[in-house]
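Colleague: Hi! Could you walk me through this one? I'm new to reading structures.

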Amino acid sequence: MSVTIIPFEPQYAGSFRDLNLAWVKKYFFVEPKDSALLENCKKSIIDQGGHIYFAQYDGNIVGCFSLMKLGDKVFELGKMAVDPQFQGLKIGQQMVQFAIDLAKDKHWDKVVLYSSTKLDTALHVYRKYGFREVVLEKEPTYARSDIKMELVLREY
């Protein structure tokens, strides 16, 4: 079976919320910003110029991620999650590659992400795909964020 990356459709909003809540609760705790983004992802991400995609495997939604607009050609890769039953199949890597290809196709300048140094596997994947650590803001959006990375696609 292969993985297909598909765009947001309203019937998948519950999967986006549930996949993200599952991983957040496993490693951290749900923060107010999580609730705001996940309870109405279309309004909080897509209607703000962002994108949401899903990984579909054997007809089931097994992963998701978002690209939230930060600036004209700058997006944040976030809300990435893979169902624990399907981890180890490199679905996360396929989603990261899809996000990078999309960013290049759309001629974005860079993609940034926030993560946690607790998530060794995720950080390994991000580094593998060219993301580099940059200075983290003094007050990041999430308490769990202790690392910021970016992939520069276009130099000025």
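Colleague: Which residue forms a salt bridge with Glu137?

Modeller: Lys148 does, and the closest N and O atoms of the two are 2.8 Å apart. A salt bridge here is a side-chain nitrogen of Lys or Arg within 4 Å of a carboxyl oxygen of Asp or Glu. Before we go on: this is a predicted model, where local features need pLDDT of at least 70, side-chain atom pairs count only at pLDDT 80 or more, and totals for chains, interfaces and linings use all residues. Residues are numbered from 1 along each chain as its sequence is written, and side-chain values use heavy atoms, with hydrogens and water left out.

Colleague: Thanks! Where do Glu137 and Lys148 sit in the chain?

Modeller: Glu137 is in the loop between β6 and β7, and Lys148 is in strand β7, eleven residues apart. Strands (E, at least two residues) and helices (H or I, at least four) are DSSP runs, numbered from the N terminus.

Colleague: Is Lys148 buried or exposed?

Modeller: Lys148 counts as buried because its relative accessibility is 12%. Buried means under 20% relative accessible area, exposed over 50%, and partly exposed in between, with a 1.4 Å probe and protein chains only. Glu137 is partly exposed, at 34%.

Colleague: How many salt bridges are there in the whole structure?

Modeller: A search finds eight. Another one joins Lys110 and Glu150, with the closest N and O atoms 3.2 Å apart. Lys110 belongs to strand β5 and Glu150 to strand β7, 40 residues apart.

Colleague: How do β5 and β7 pair?

Modeller: In the antiparallel sense, over six bridges. Two strands pair if DSSP finds at least two bridges between them. Lys110 also stands opposite Val152 in β7.

Colleague: What is the strand order in the sheet?

Modeller: Seven strands form an open sheet in the order β1-β2-β3-β4-β5-β7-β6, with mixed pairing. The edge strands are β1 (3-7) and β6 (132-134), each pairing on one side only.

Colleague: Switching to helices, how many residues does α4 have?

Modeller: Helix α4 (residues 91-105) has 15 residues. From its first C-alpha to its last, α4 reaches 21 Å, close to the 21 Å expected at 1.5 Å a residue. That expected span is 1.5 Å times one less than the number of residues.

Colleague: Which residues of α4 are buried?

Modeller: Among them are Ile91, Met95, Val96 and Leu102. Just after α4, His107 takes a positive phi of about 60°.
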